[in-house]
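Here is a short briefing to read alongside the model. Please keep the sequence and the 3D view open as you go.

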Amino acid sequence: KCGDDGSLRVNGKGKKMRKPRTIYSSLQLQQLNRRFQRTQYLALPERAELAASLGLTQTQVGTRLQSPEADPLYS
């Protein structure tokens, strides 16, 4: 978890705690899956534009495009 100052917290064993998994809305999934069907690779400007239009980070868009079938809501 992140601290109030933006720093990463560590658990009792000294390991970094992971960010919670992103929960995509049905609209976000629909748009990402549609885009994935058209092209499986997005250049950085395209990824940035798609992320901004969906209210996601570029990392979230890239992760989703890399493994859409891993999500049970993949259609």
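Which residues make up the largest nonpolar core? It has 11 residues: Tyr24, Leu29, Leu32, Phe36, Leu42, Leu50, Ala51, Leu54, Leu56, Val61 and Leu65. A nonpolar core here is a set of buried Ala, Val, Leu, Ile, Met, Phe, Trp, Tyr and Cys residues joined through side-chain atoms within 4.5 Å. H1, H2 and H3 are the elements that give two or more residues to this core.

**How to read the values**
- This is a predicted model, in which local features need pLDDT of at least 70 and side-chain atom pairs count only at pLDDT 80 or more, while totals for chains, interfaces and linings use all residues.
- Residues are numbered from 1 along each chain as its sequence is written, and side-chain values use heavy atoms, with hydrogens and water left out.

**Overall fold**
- The protein has 3 helices and 0 strands, where helices (H or I, at least four residues) and strands (E, at least two) are DSSP runs numbered from the N terminus.
- Along the sequence the pattern reads α-α-α.
- Of the 75 residues, 27% count as buried, meaning under 20% relative accessible area, with exposed set at over 50% and partly exposed in between (1.4 Å probe, protein chains only).
- Among contacts (heavy atoms within 4.5 Å) with a separation of 6 or more, 39% come from residues 24 or more positions apart.

**Helix H3 and its cover**
- In H3, which spans residues 58–66, the buried residues are Gln60, Val61, Gly62, Arg64 and Leu65.
- Their cover includes helix H1 (26–38) and helix H2 (44–54).

**Where H2 meets H3**
- The axes of H2 and H3 come within 8 Å and cross at roughly 105°; axes are lines fitted to C-alpha atoms, for helices over the stretch in contact, with angles running from 0 to 180 degrees between N-to-C directions.
- H2 and H3 are therefore roughly perpendicular to each other, a label for angles of 65 to 115 degrees.
- On the H2 side the contact is made by Leu44, Arg47, Ala48, Leu50 and Ala51, and on the H3 side by Gln58, Val61 and Gly62.
- These residues divide into 5 nonpolar, 2 polar and 1 charged.

- Arg35 lies in helix H1.
- Why does Arg35 count as buried? Arg35 does so because its relative accessibility is 18%.
- Leaving aside neighbours within four places in sequence, Arg35 is in contact with Leu42, Glu46 and Leu50.

Methods:
Parallel < 35°, antiparallel > 145°, perpendicular 65-115°, else oblique. Nonpolar A, V, L, I, M, F, W, Y, C, P; charged D, E, K, R; others polar.
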